[in-house]
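Please keep the sequence and the structure in view while reading.

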Amino acid sequence: GKVIMHDPFAMRPFFGYNFGEYLNHWLSFGKQDDLKLPQIFHVNWFRKEGGKFIWPGFGENSRVLEWIFDRVDGSDNGEVTPIGLLPKEGSINTEGLGRIDMDALSSVNKEEWLAECDAIQK
């Protein structure tokens with residue numbers, strides 16, 4: 001069957017040294033008060049509904065990146081949710097894309113997230 005790799009950095013295949021040491025290096029920055037740490041964003045480009053991708057992908061991904069850049073620059077375009085900030089309604093430019101179900105795209109299925117957490121712990 002299909003095996004899902006839980007690789008939050010999508011970098012594991014490229015590591016030439018211990019991944020734990022790499023991660024500890026980056027996590028140690030949180031102990032320093034004088035650093036401006038990067039913001040972290042997660043995108044699932046492959047979310048499907050009815051067997052079809054919800055987001056058109058490829059060149060249109062720049063629209064999501066635009067939202068991220070605006071967010072980093074201080075735009076109030078995020079809505080607080082239990083999993084972090086999600087785009088506020090209308091904050092991602094979908095002009096010319098036809099019908100994009102942004103509610104489905106940004107919905108949070110609690111059962112799926114809990115199952116994902118269990119799978120990661122295994």
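In this predicted model, Tyr-22, Trp-26 and Phe-29 are linked into a cluster by ring pairs. When ring pairs are counted under the rule that centres must lie within 6.5 Å, the count comes to four aromatic pairs. Two of these pairs are set out in the table, and in both the planes are over 60 degrees apart, so they count as edge-to-face.

| Ring pair | Distance between centres | Angle between planes |
|---|---|---|
| Trp-26 and Phe-29 | 5.1 Å | 85° |
| Phe-46 and Phe-53 | 6.3 Å | 65° |

Trp-26 has a relative accessible area of 44%, and is therefore partly exposed, whereas Phe-46 is exposed, because its relative accessible area is 60%. Phe-53, the partner of Phe-46 in the table, also has a charged residue over its ring, for Lys-48 lies over the face of Phe-53 at 4.8 Å from the ring centre.

In soluble globular proteins, nonpolar side chains tend to be buried together. Here the largest nonpolar core has seven residues, namely Trp-55, Val-64, Trp-67, Ile-68, Ile-92, Leu-97 and Ile-100. One of them, Trp-67, is in contact with several residues beyond its neighbours within four places in sequence, including Phe-41, Asn-77, Gly-78, Leu-85, Pro-87 and Ile-92.

Thr-81 belongs to strand β3, which covers residues 78–81, and Thr-81 counts as buried because its relative accessible area is 19%, where the cut-off is under 20%. The side chain of Thr-81 reaches the backbone oxygen of Gly-84 at 2.6 Å.

How values were computed. Residues numbered from 1 in each chain as written. Predicted model: local features only at pLDDT ≥ 70, side-chain atom pairs only at ≥ 80, totals over all residues. Heavy atoms only, no water. Phe/Tyr/Trp six-rings, centres within 6.5 Å; stacked < 30°, edge-to-face > 60°. Buried < 20%, exposed > 50% of the residue type's maximum accessible area, 1.4 Å probe, protein only. Lys NZ or Arg CZ within 6 Å of the ring centre and 35° of its normal. Core = buried A, V, L, I, M, F, W, Y, C linked by side-chain atoms within 4.5 Å. Contact = heavy atoms within 4.5 Å. Helix = DSSP H or I, 4+ residues; strand = E, 2+ residues; numbered from the N terminus. Polar contact = N/O pair within 3.5 Å; in protein donor to acceptor, adjacent residues only side chain to side chain.
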